[in-house]
Amino acid sequence: MSQNVIELKGVRKEFVSTKHYPGFKGAVKGLFTKEKEEKVAVDDVSVTIKEGEIVGYIGSNGAGKSTTIKMMSGILTPTEGTCLVNGIEPYKNRKINAKNIGVVFGQRTQLWWDLPLSETYTVLKEIYEVSDEDFKEGMDFLYEVLELEPFIHSSVRTLSLGQRMRADLAAALLHNPKVLYLDEPTIGLDIVVKDRMRKAIKDINHKYHTTVILTTHDLGDIEELCNRIIIIDAGKKIYDGNLSDLKKSYGCNCSVHFEVKEVPELGKYRAIHEKLEITINQKKLSVNFNKMDFSVADVIAKIMAIAEVTDVQIKETELTDIVKKIYQHGVEAS
Ligand SMILES: Nc1ncnc2c1ncn2[C@@H]1O[C@H](COP(=O)(O)OP(=O)(O)OP(=O)(O)O)[C@@H](O)[C@H]1O
Ligand SMILES: [Mg+2]
């Protein structure tokens, strides 16, 4: 049985800032008042994550994802609740915690701007007290999976975004941490580099059993990498489960689009079944249905029995559609 690597219990984070008033007059007023306002960024979140899991942590902009990651990595202290990573509270034991975790913030680099990449890694080796042997083994592996070779001697300032992101990931993994936090690691990357990053994350998880917490707005990352997803909305956890259950609960809709030879007679189609939602636009006919009620083959057979079909297209509800609904309406309503 794998052990729990991360345990959050009732974690809450409030930010206190100076109150802002709307408009120009408001801005001026703001200069002379010290009224404070509280903002709850993370609200009573409890989560347990086991060793070796790759968990997708998703939510709309401002939902509280980065704030959670910052608490788990020891950058921020929770206002309430406890957060344990590898059995320690990250913000109280920052030095020990640093050895257990690796962090990549896609939005900004953690590398030294002026140093050649190879030297950066040598400095990190010393900081993290990695033995020569482990360093060589780890670097050889990272060098290959992240394809660092073409730019290993370039200084960080000259790297392209895709190269920089791979370099950052290698830096976060050099000391072989138990937990890897990735905050939007594929933001702005082209499809090929994105694929390479995803493959590298998979390989690392596989080889070292690294626990990975991934926040992203790219649902392709989630589909590729995560069995489990946690959805946060306005600071609250609203879903925690596996991807296929989420798809089963919210993604049962499927649509089949037909092109037919003859302009159909509406009544005839509508009479097929009340649970099939049929729309007709000239010679195009779309059928929406729940996969719990019908199979795709069923629907195709039904339509083919009454019309001469010249083309068929099947469209499953995509994760993007499900998540869009959840972000807009919450889990219950979707
Ligand atoms: N240092 C801070 N001071 C005040 N408010 C903050 C601070 N950091 C974050 N917040 C607020 O907390 C909320 C959650 O922010 P957070 O960065 O965690 O969101 P997020 O889910 O990572 O969003 P995004 O997808 O846009 O990155 C936001 O309303 C944000 O404005
Ligand atoms: Mg964020």
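A polar contact is a pair of N or O atoms within 3.5 Å; within protein, one must be able to donate a hydrogen and the other to accept it, and residues adjacent in sequence count only if both atoms are side-chain atoms. The model is predicted, so local features need pLDDT of at least 70 and side-chain atom pairs pLDDT 80 or more, while totals for chains, interfaces and linings use all residues. Residues are numbered from 1 along each chain as its sequence is written, chains are lettered from A and ligands numbered from 1 in written order, and side-chain values use heavy atoms, without hydrogens and water.

I begin with Tyr239, in strand β9 (residues 236-242); helices (H or I, at least four residues) and strands (E, at least two) are DSSP runs, numbered from the N terminus. Tyr239 counts as buried because its relative accessibility is 13%; buried means under 20% relative accessible area, exposed over 50%, partly exposed in between (1.4 Å probe, protein chains only). A polar atom of the Tyr239 side chain lies 3.3 Å from the backbone nitrogen of Leu246.

Leu246 is itself buried in helix α9 (residues 243-250), as are Leu243 and Tyr250. These residues lie on the same side of α9 because they cover an arc of only 60° around the axis, taken from the directions from the helix axis to the C-beta atoms. Lys248 and Ser249 are exposed on the face turned away from that buried side.

Finally, the open sheet: three strands run in the order β2-β1-β4, with antiparallel pairing, where pairing requires at least two DSSP bridges between two strands.
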